[in-house]
Amino acid sequence: MKTRVKKLIVLAVVSCVLIMVSAYTGIYTQNVYAGDKQLNQFIILSKYYNVMDIGDEFQLAGITSSGKKPTFSSNKSNIASVNKYGLVKAKKSGKATITVKSGKAVAYCLITVNRTEIKLSNTSINMEKGSIKKLTATTSSGNKPKFSSSKSSVAKVDSSGNIQAVNSGVAIISVKVDGEVEKCTVNVKKPVITLESYKLTMKVGESKNLYAKVSNGYRPKYSSSNSKVITVTKSGQVAAIKKGKATITVSEGGTKVKCQISVEDMS
């Protein structure tokens with residue numbers, strides 16, 4: 001008799017709690033708990049729906065009419081896992097249902113894990129060889145992204161997003177986190193080379209410096225089309241050897257410019 005009275009008291013208290021939950025949340029009590037046909041077993045959860053970001057955790061609590069600890073399980077633990085104490089952890093974007101059981105009573109908590117958003121400071125960058133620029137990535141989950149380059153021979157990137165232009169061309173910087181990816185196109189421009197002279201006339205035995213200005217600041221390479229007529233050093237000093245014509249090519253970073261030289265005999 002005493003046991004029956006205790007059960008009735010428990011049922012009355014829980015019923016009051018359920019009415020309060022319904023009033024404040026708008027959820028009907030039949031959706032709040034499940035029980036057997038005699039309605040003598042039920043569970044009240046601290047939450048029935050939760051939105052999370054990847055990496056988030058929250059404690060799901062379950063109060064049972066029996067006073068026993070409930071069991072927790074997830075139908076998609078790769079999206080949201082739960083341990084035996086009800087600690088839920090978001091792992092990847094999607095939806096999962098946490099099932100809480102005690103005897104014949106069952107209650108559910110629906111979990112939605114948001115996709116991680118990546119915001120880049122730039123989606124395209126123009127650079128010149130040797131220059132360094134910072135690509136900043138902000139993620140909604142707060143997790144650190146990984147940076148990679150499609151062509152490290154053109155542009156390489158470190159773990160902090162610092163991009164260094166290596167040579168002219170196009171490279172794609174990929175920023176990945178939590179299964180999501182965003183991309184930034186890096187265009188390493190060819191340098192502009194300006195010569196002091198594009199056409200020269202020299203005498204046999206004469207020497208001159210062929211000055212070249214390169215926009216990226218790198219030293220260019222010099223070559224002669226006919227070293228029997230004209231020779232040229234690494235620093236651009238041209239020497240006339242014998243009568244004839246030759247072309248000096250000045251190159252750097254994919255850009256080439258030429259200087260035509262005619263050599264005449266000493267008068």
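A residue is called buried when its relative accessible area is under 20%, exposed when that area is over 50%, and partly exposed in between (1.4 Å probe, protein chains only). With that in hand, Asp 178 counts as partly exposed, because its relative accessibility is 26%. Its phi angle is near 55 degrees, a positive value in a residue other than glycine. Asp 178 sits in the loop between strand E17 (169–177) and E18.

What you see here is a predicted model, in which local features need pLDDT of at least 70 and side-chain atom pairs count only at pLDDT 80 or more, while totals for chains, interfaces and linings use all residues. Residues are numbered from 1 along each chain as its sequence is written, and side-chain values use heavy atoms, with hydrogens and water left out.

Let us step back to the whole chain. The protein has 2 helices and 27 strands; helices (H or I, at least four residues) and strands (E, at least two) are DSSP runs, numbered from the N terminus. Of its 267 residues, 36% count as buried. Contact means heavy atoms within 4.5 Å, and among contacts between residues at least 6 apart in sequence, 50% join residues at least 24 apart.

Now for the inside. Nonpolar side chains tend to be buried together in soluble globular proteins. A nonpolar core is a set of buried Ala, Val, Leu, Ile, Met, Phe, Trp, Tyr and Cys residues joined through side-chain atoms within 4.5 Å. The largest one here has 22 residues, and those with the most contacts inside it are Leu 45, Leu 60, Val 88, Ile 98 and Ile 111. At least two residues of this core come from each of strand E1 (43–45), strand E6 (80–82), strand E7 (87–90), strand E8 (94–102) and E9. Of these, E9 gives the most, with 5 residues. Leaving aside neighbours within four places in sequence, Leu 45 has contacts that include Leu 60, Val 100 and Cys 109. Another core lies apart from this one; it has 19 residues, among them Ile 193, Leu 195, Val 229 and Ile 248.

Next come the charged pairs. Side chains of opposite charge can pair when their charged atoms come close. A salt bridge is a side-chain nitrogen of Lys or Arg within 4 Å of a carboxyl oxygen of Asp or Glu, and the structure holds 3 of them. In one, Glu 180 meets Arg 115 at 2.7 Å, N to O. Glu 180 belongs to strand E18 (residues 180–189) and Arg 115 to the loop between strand E9 (105–113) and strand E10 (118–120), so this pair ties together parts that are 65 residues apart in sequence. Glu 180 is buried at 15% relative accessibility, whereas Arg 115 is exposed at 57%.

Another bridge joins Lys 129 and Glu 252 (3.2 Å, N to O). Lys 129 lies in the loop between strand E11 (124–128) and strand E12 (132–134), and Glu 252 in strand E26 (residues 244–252), 123 residues apart. Both Lys 129 and Glu 252 are buried.

Lys 203 and Glu 264 form a salt bridge too, with their closest N and O atoms 3.1 Å apart. Since Lys 203 is in strand E20 (residues 199–203) and Glu 264 in strand E27 (residues 255–264), the pair ties together parts 61 residues apart in sequence. Lys 203 is partly exposed at 30%, and Glu 264 is partly exposed at 37%.
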